Amino acid sequence: MQTKFNYPTRIRFGQGVIDDLVSELTPFGVKRPLLVTDRGLMHTPIPERVIDILKKGALCPALFDQVDPNPTDEQVDLGAQAFRDHQADGLVALGGGSPLDAAKAIQVRIHHGDPMESYDDLLGGDAKITGEMPPLVAIPTTSGTGSEVSRSAVITVAAAGRKVVIFSPRMMPSVALCDPELTYGLPPRITAETGMDALSHNLEAYLATGYHPMADAIALKAIGMVATWLPVAVRDGREVTARQEMMMASTMGAVAFQKGLGVIHSLAHPLSSVAGLSHGLANAIMMPYALRFNGAVATDRMAEVAVALQSAQPTAEGAARAVEKLLEAIGLPTRLSQVGVVEQQLELLVEKALADGCYHSNPRPCGAKDMEGLYRAAL
């Protein structure tokens, strides 16, 4: 057997590391960074704080904040144009997974002009991403996606009619500044949804097919961290240990899912593009049903997942019930019908889920009937 392992970029972790932003940009010769963030974060003091840090460090930043919760190829193109207009020489990505993913796609767009759908990882688009990328410092303000240490971006591409995963090791951020202090102001609902996104990454990485014991160990540890600390972070957003452990669990999830993901993500992506659910909420709702589905083949691993989730029943059913109990504790719905999904959308949801590549590493093979059954079970 032969395999290949890759681990992420330089990570600075802890309260106050945001203040070292300029010193982290300096080795790359960045003088004119483009700050990429989203409209929602502009209602907080965080972007202004970052701009002040950059200006006090004698840098000349520009701001691009036209990123939606599900970033589009149009927004990526606008960001690339903003980069050129500013004559920027680097990027600072600030926010949740959306602006971080958008910034990574903007990196690609600076020197790659083919249609965005041609870079789809499912179509071998990674081979088309060549040459140097502008340096990128990623600063997460949520604890969910782990995009600050991943090599991919999920972008809704109009021509493809779905979310497209753009992947290349060249897209890895140059530095990740993970400062839990930036998450203190997150509302409970966003804390809950992004926290379940972190759980989904670790769960699916651990259950994914393939040989990667290092990713497995990281994922299993992080599952337990989320089970312990997410309810605390939702209950008290300024609890220092909870915010720290959730940010670390999020980063660990993106390190672990280089092994692969699974059917939860293939089902969740269309729930965002078709039904407008946040990615974390879509993952959260589909999680118990997918665990029961996968339990038929992944019995040993599911037992370990159940124990990590603090279930007394080391089975797939125990794991699924532990997730449902967690959802209840953090105030999230457990049915698609509770968030406006209707039966008439199922055909399109299944079609788009089948076009998503994440389920290819799911431990139990699944086709259209399986996916329809999972959606119906969750409805």
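Trainee: What should I know before I start?

Mentor: The model is predicted, so local features need pLDDT of at least 70 and side-chain atom pairs count only at pLDDT 80 or more, while totals for chains, interfaces and linings use all residues. Residues are numbered from 1 along each chain as its sequence is written, and side-chain values use heavy atoms, with hydrogens and water left out.

Trainee: Which residues of helix H13 are buried?

Mentor: Helices (H or I, at least four residues) and strands (E, at least two) are DSSP runs, numbered from the N terminus. Buried means under 20% relative accessible area, exposed over 50%, and partly exposed in between (1.4 Å probe, protein chains only). In H13, residues 368–378, the buried ones are Met371, Leu374, Tyr375 and Ala378. They lie on the same side of H13, because they cover an arc of only 95° around the axis; the arc is that of the directions from the helix axis to the C-beta atoms.

Trainee: What do the buried residues of H13 pack against?

Mentor: Contact means heavy atoms within 4.5 Å. Here the partners are helix H8 (263–273), helix H9 (279–294) and helix H12 (346–354).

Trainee: At what angle do H8 and H9 pack?

Mentor: Axes are lines fitted to C-alpha atoms, for helices over the stretch in contact, and angles run from 0 to 180 degrees between N-to-C directions. For H8 and H9 the angle is about 145°, and their axes are 8 Å apart. Residues of H8 including Leu267 and Leu271 meet residues of H9, among them Met286 and Ala290.

Trainee: And strands? Which strands pair with S4?

Mentor: Two strands pair if DSSP finds at least two bridges between them. Strand S2 (residues 33–36) pairs with S4 in the parallel sense over four bridges, and Pro33 stands opposite Gly90 in S4. Five bridges join S4 to strand S5 (residues 136–140), again running parallel, with Leu91 opposite Leu136 in S5. Six of the six residues of S4 (residues 90–95) are buried, so S4 is largely enclosed by the rest of the structure.

Trainee: Is Met116 buried or exposed?

Mentor: Met116 counts as buried, because its relative accessibility is 3%. You will find Met116 in the loop between helix H4 (97–111) and S5. Not counting residues up to four places away in sequence, Met116 touches Asp73, Val76, Arg109, Val157 and Ile166. Met116 and Asp73 are 43 residues apart in sequence and 6.7 Å apart in space, C-alpha to C-alpha.
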